[in-house]
Amino acid sequence: MDNNTATQLDCDILIVGAGMSGCLLAYSLLKFNPKLDVMLVDENPQRSEKQNHFVHPGFDARSLALSAGTCELLAELGLWDDLQLQAQPIEDIHISDRGYFGALDLHKSNKQQAFGYVAELQDIGRVLNKHLKQHKQLRRLYNSSLTNIEKHPEHISCCLDNGQIIKAKMCVGADGANSVTRELLDIPAQTSDYGCCAVIANVRSSKAHLNKAFERFTEFGPIALLPLSDNRYSLVWSVANEDLVRISALTEPEFLAELQLAFGYRAGVFTEAGKRDTYPLKLIKTYKPLAHRGVCIGNAAHCLHPVMGQGFNLGMRDLYVLASQVSRAESKSQIGSYQMLEQYWQLRRADHHNTIALTDSMVRIFSNSSWPVILGRNTALQAMSCLPDLSTPIIKQAKGQFNLLNRDAQ
């Protein structure tokens, strides 16, 4: 529903940001409680039904690695059956340290369907949009941006750039790493620059991928290859900032040759590369992503390095727990209350801090050129390759089992 004519509107929950996290949260809230009054602020124009090839900027050509735990949550929400038709399973994972002896191969067990799946954002967007249409009560405010927030004891007033004022019991920031909502809610964030950028593209190889994923560490960060349909890989390549302009200017054959040199031939010979995009790699974290009647989720609460593909999976657990907490409210007056948000954070705090710490540590350990560190990390990889069932965070993350979500405590 497009409602940009009123000057003041009321709702239970206002979600700022209509990308992956915002849309999934809106769907989850209404799935758990169809009687909720939810509004979604979308800075983009409304899609016309005639625009069959329209792609929402929040659901572009990138891909996501979905852990096994995330797939279970999507199944509980009734989304996974449709998504699985478009997703590619990860059945094997190869981890290596370029130029050194350390390597680790992980293979799914007979009892395990897959470590996880790789899905293209465009496919997820189509599935999610289809299911969101079932909830006619969702109000979506297009071509709108948040400009100001006023906090009151029993509600929060959110001002939009078109003059509208939204009175809500709770405001959720799902507007990405450069979140305006986070800033207006006065939630402090700490930023650490990794000094490199990610080059992302879909590439094709001469060798069938057989549902195998690769994580190859270099001195500037990892090169990840995730299996896609039609024998393609989703590439995430970390390059130094000072090298980005040169690599971005390469022709397709030159780019493939450079990638081949950096990655090697484990995946075969790279033969084709699609459209390339880049983005800076930074760690953005909030110690506590809460404010009075406000909370941030997804990249607005934590923006991680793509190593091990933990960013979206962490955000998925955020929004699922938040939606669960709202559904457990005895009355609508409890939505956005101090007690509810504190309970949400108690359930999420350990997962936040542990996942962020593990991801950041992996980046820094594998980009360290000190020989004692190099020897230690390669010895560890070799040791884990001999004990594939060793209960370590690295292996649990790869298998999608590193899920600190206490389902019984929700």
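This report describes strand pairing, aromatic contacts and nonpolar cores in a predicted model.

**Strand pairing around β12**

Strand β12, which spans residues 190–205, pairs in the antiparallel sense with strand β17 (residues 277–285) over nine bridges, and within that pairing Ser192 has Leu283 of β17 as its bridge partner. Strand β15 (residues 232–240) also runs antiparallel to β12 and is joined to it by nine bridges, with Val203 facing Tyr233 of β15 as bridge partner. A further antiparallel pairing, over three bridges, connects β12 with strand β16 (residues 270–273), where the bridge partner of Ser205 is Phe270.

**Aromatic pairs**

The count of aromatic pairs in the model comes to six. Two of these are set out below, each with its ring geometry.

| Pair | Centre to centre | Angle between planes | Arrangement |
|---|---|---|---|
| Trp80 and Tyr117 | 4.9 Å | 70° | edge-to-face |
| Phe214 and Tyr233 | 6.2 Å | 65° | edge-to-face |

Trp80 belongs to helix α3 (residues 80–84) whereas Tyr117 belongs to strand β7 (residues 116–120), so this pair ties together parts that are 37 residues apart in sequence. Both Trp80 and Tyr117 are buried.

Phe214 is found in strand β13 (residues 212–218) and Tyr233 in strand β15, so their pair ties together parts that are 19 residues apart in sequence.

**Nonpolar cores**

In soluble globular proteins, nonpolar side chains tend to be buried together. The largest nonpolar core of the model holds 54 residues, of which Ile15 and Met170 touch the most other members. When neighbours within four places in sequence are left aside, the residues in contact with Met170 are Asp12, Ile13, Leu14, Ile156, Arg293, Val295, Leu322, Val326, Ile335, Gly336, Met340 and Leu341. Apart from this core lies another, of 27 residues, which includes Leu106, Phe115, Leu281 and Ile356.

Definitions and conventions. Residues are numbered from 1 along each chain as its sequence is written. This is a predicted model: local features need pLDDT of at least 70, side-chain atom pairs count only at pLDDT 80 or more; totals for chains, interfaces and linings use all residues. Side-chain values use heavy atoms; hydrogens and water are left out. Two strands pair if DSSP finds at least two bridges between them. Helices (H or I, at least four residues) and strands (E, at least two) are DSSP runs, numbered from the N terminus. Rings of Phe, Tyr and Trp (its six-membered ring) pair if their centres lie within 6.5 Å; planes under 30 degrees apart count as stacked, over 60 as edge-to-face and the rest as tilted. Buried means under 20% relative accessible area, exposed over 50%, partly exposed in between (1.4 Å probe, protein chains only). A nonpolar core is a set of buried Ala, Val, Leu, Ile, Met, Phe, Trp, Tyr and Cys residues joined through side-chain atoms within 4.5 Å. Contact means heavy atoms within 4.5 Å.
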